[in-house]
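These notebook entries record what I looked up in one structure.

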Amino acid sequence: MIRILFFVPYPELKEKVVNVISRHPDSSRLSVTTELTRVDKTPMVDPKEYDIVIARGYTAIRVRKLYPELPIVELSMSGYDIVHALAECREKYKPQRVAICGFFTELYEVQEIARMFGCEAEVYQTQNYRQLIQILIKAKEIGCQAVIGGYFIQQAAEDLKIPSSIIRLGEDNINRAVNEAVHTMDLMRAERQRAESYRTIINSSKEGILHVGRDGIIHVYNHVAREFADEIPVLNHPLQESFPFLVKSCQQVLKTGMESIDEIYRIPGKEITVACSFIPVVVHGQVTGVVINLSDITRIQRLEGQIRRKLSDKGLCAKYTFQDIIHEDFSIERTIQTAKRYAMTESNIILVGETGTGKELFAQSIHNASTRSNGPFVAVNCAALPENLLESELFGYVEGAFTGTHKGGKMGLFEQAHNGTLFLDEISEISLSVQTKLLRALQEREVRRIGDDKVISVNVRIISATNRNLNDLVEKGRFRRDLLYRLDVLRIFVPPLRSRGKDVKLLFLHFLQKYQGGKEPCVNPKAFSLLYHYPFQGNVRELANIAERVGALGKEIISCDDLEQALYPPDVDSAIAERTAQDRNPRIKMSAGKEKDLIRKALQNCGGNRTQAAQLLGWDRTTLWRKMKKYPGLYPGE
């Protein structure tokens, strides 16, 4: 809707305005208010209620001065209006000389038109209605016998006893004024929309934006740029006042017309480092100004980390904390306390322990207790990938680096772990060639994708894990000593399950409850002695498997036999040993095919001599000793 305020100087014109608006093609878009007013009594206007004003002569001039924010369309007279007024005046008063007065622009060939009606014409223009009385008196003195002008002039002429005729406006004039008002408002709204779009674009940018003219004055800025300046005015002020550190580069771009990209500045007094780009504004081959972009490097780094995490569909979150480590034993509690202290540092950590002790659980807990907890946690099992695949996983590759690459290339795990933690499990299994590249990444804190010619800076903490003695591997030439020094800064030994005392029972009940659907487990107390004497070479992982095996039985009460079957299920080597022993000594009769009975009978037949018993069973002495440790009390006569 276009809200138009239409000032009319005489009543007849108001009716014409109503008629024109009713027939106008854009009438549905128009809301027109008409005000009858004299030039000396222009009413007060609320600019918020109207979009545009249509007025004539001095009324238009006065409204423009009083309300400069309101656009004005001047209702102008046409040559036909003058001719019509002259004809009426000549016919009515028969004057020989006529005065044409008003607040109009230059009138051309009026004298020639007047002569066509058999009279002379004097034209008087004024910009002030207070001058009209003196003008009319002067016109009368020089012999003007009639006056032609507006409604106010007619009233003044009547007071001076001078015949007068009104220059009446036709509907064409009104229609032209309305068309101009509609066109003006459409253009203004389009321009406002465009300006608001530019303003929104500039202010929605996360970068600071400045536009500086050739005179060094800031003509445009956004709120981000304002934050980089001191508490002084920015708009329409010299760049030197608000951003003195940018002046030299800005002047250089104004002089050369060459853009300057990513210059680094530290803003004095604000402890902020920004990257600045200077782009020349060229109009008709001339540099008219410079657009300056200012980017907070800290924000860029934070955003980079967020982008890296979003671009990766891998698991980049550490799920576990130290509270998830179920324990009562002092040895594991001491290990946890050490890990908590190490977590607060930025040093690389190596976790040493047998397989299945929970090294990744510790790695995730360390990450979540560190200052990098809001960053990604990226884990990779180095033994699970062949050498060439491990390299591409760690460092990434560009498109076309080798056959089978993804379109656009692939981000490596180092990049994904930026500002977070990279967990390298089974680090001992990395080949020497990958070790070399890994060492460089740790030393330089930068990686190069396979097939790329540029490096990418990364900020990654390394937590590695191994179940092998890396020093032995170094002595054998299978692990780089310098890499070991980089990885083995802080060492944490994760104790095996067999040295954690009653944690075995605690963990077993925890896993059993989990595999029984949360139901409280019921276990024969005597069965726990089997757990305490079991070696658990697979540690907690093996214990979890045994608990799952027991839970799968679905029994209300877990007996000793149930747990024994889970701990010592029949296996191929036991069956072979049983048959071998029976072939060598038919006196050995197996009971239920159990390995424990087999060993007991062999020891009884050999009088407790373990060497002979091992020979009888077809085993070596070490194998017999290892198996006897599983069963307490395997001696003759017991």
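This is a predicted model: local features need pLDDT of at least 70, side-chain atom pairs count only at pLDDT 80 or more; totals for chains, interfaces and linings use all residues.

Entry 1. In what order do the four strands of the open sheet lie, and is the pairing parallel or antiparallel? I read the order as 6-5-7-8, and the pairing is parallel. I then looked for the edges and found strand 6 (120–125) and strand 8 (164–166), each of which pairs on one side only. The twist from one strand to the next averages 20°.

I followed one pair in detail. Strand 5 (residues 97–102) is joined to strand 6 by six bridges in the parallel sense. Within this pair, Val-98 has Ala-121 of strand 6 as its bridge partner.

Entry 2. Which strands does helix 5 touch? I found that helix 5 (residues 132–141) packs on the sheet and touches strand 5, strand 6 and strand 7. Its direction makes about 170° with that of strand 5. I also looked up helix 3 (residues 79–93), which lies across strand 5, strand 7 (146–149) and strand 8. Helix 3 runs at about 150° to strand 8.

Entry 3. I turned to the five-stranded sheet, which is open, has the order 10-9-13-12-11 and is paired in the antiparallel sense. Which strands stand at its edges? They are strand 10 (218–221) and strand 11; each has a single partner strand, so one side of each is left without a neighbour in the sheet. Neighbouring strands here are turned by 25° against each other on average, with direction ignored.

Entry 4. I examined the two hairpins of this part of the chain. Strand 11 (residues 260–267) and strand 12 (residues 272–283) run antiparallel and are joined by six bridges. Ile-264 is placed opposite Ala-275 of strand 12. Four residues lie between the two strands of this hairpin, and Gly-269 takes a positive phi near 80°.

How many bridges join strand 12 to strand 13? I recorded 10 bridges between strand 12 and strand 13 (residues 286–296), and these strands run antiparallel. Opposite Val-282 stands Val-287 of strand 13, and opposite Pro-280 stands Val-290 of strand 13. The hairpin of strand 12 and strand 13 has two residues between the strands, and in its turn His-284 has a positive phi of about 55°.

I then checked what lies against these strands. Helix 10 (residues 247–256) lies across strand 9 (208–213), strand 11, strand 12 and strand 13, and runs at about 145° to strand 13.

Entry 5. At what angle do the axes of helix 14 and helix 16 cross? I found that the axes of helix 14 (residues 387–395) and helix 16 (residues 432–444) come within 10 Å and cross at roughly 15°. An angle under 35 degrees counts as roughly parallel, so helix 14 is roughly parallel to helix 16. The crossing is left-handed. On the side of helix 14, the contact residues are Glu-387, Leu-390, Glu-391, Leu-394 and Phe-395; on the side of helix 16 they are Ser-433, Val-434, Lys-437, Leu-438 and Ala-441.

Entry 6. Helix 19 (residues 503–515) and helix 21 (residues 539–551) pack at about 45°, and their axes are 8 Å apart. Helix 19 and helix 21 are therefore oblique to each other. Is their crossing left-handed or right-handed? The crossing of helix 19 and helix 21 is right-handed. Helix 19 contributes residues to the contact that include Phe-508, Phe-511 and Tyr-515, and helix 21 contributes residues including Val-540, Leu-543 and Glu-548. By class, the contact of helix 19 with helix 21 has 12 nonpolar residues, one polar and one charged.

Entry 7. How many salt bridges does the count give? The count comes to 22 salt bridges. I picked out one of these, in which Glu-171 pairs with Arg-23 and the closest N and O atoms are 2.5 Å apart. Glu-171 lies in helix 7 (residues 171–204) and Arg-23 in helix 1 (residues 11–23), so the pair ties together parts that are 148 residues apart in sequence.

Key:
Residues are numbered from 1 along each chain as its sequence is written. Side-chain values use heavy atoms; hydrogens and water are left out. Two strands pair if DSSP finds at least two bridges between them. Axes are lines fitted to C-alpha atoms, for helices over the stretch in contact, and angles run from 0 to 180 degrees between N-to-C directions. Contact means heavy atoms within 4.5 Å. Angles under 35 degrees count as roughly parallel, over 145 as roughly antiparallel, 65 to 115 as roughly perpendicular and the rest as oblique. A crossing is left-handed if the near helix is turned anticlockwise from the far one by less than a right angle, and right-handed if clockwise. A salt bridge is a side-chain nitrogen of Lys or Arg within 4 Å of a carboxyl oxygen of Asp or Glu. Ala, Val, Leu, Ile, Met, Phe, Trp, Tyr, Cys and Pro count as nonpolar, Asp, Glu, Lys and Arg as charged, and the others, Gly among them, as polar.
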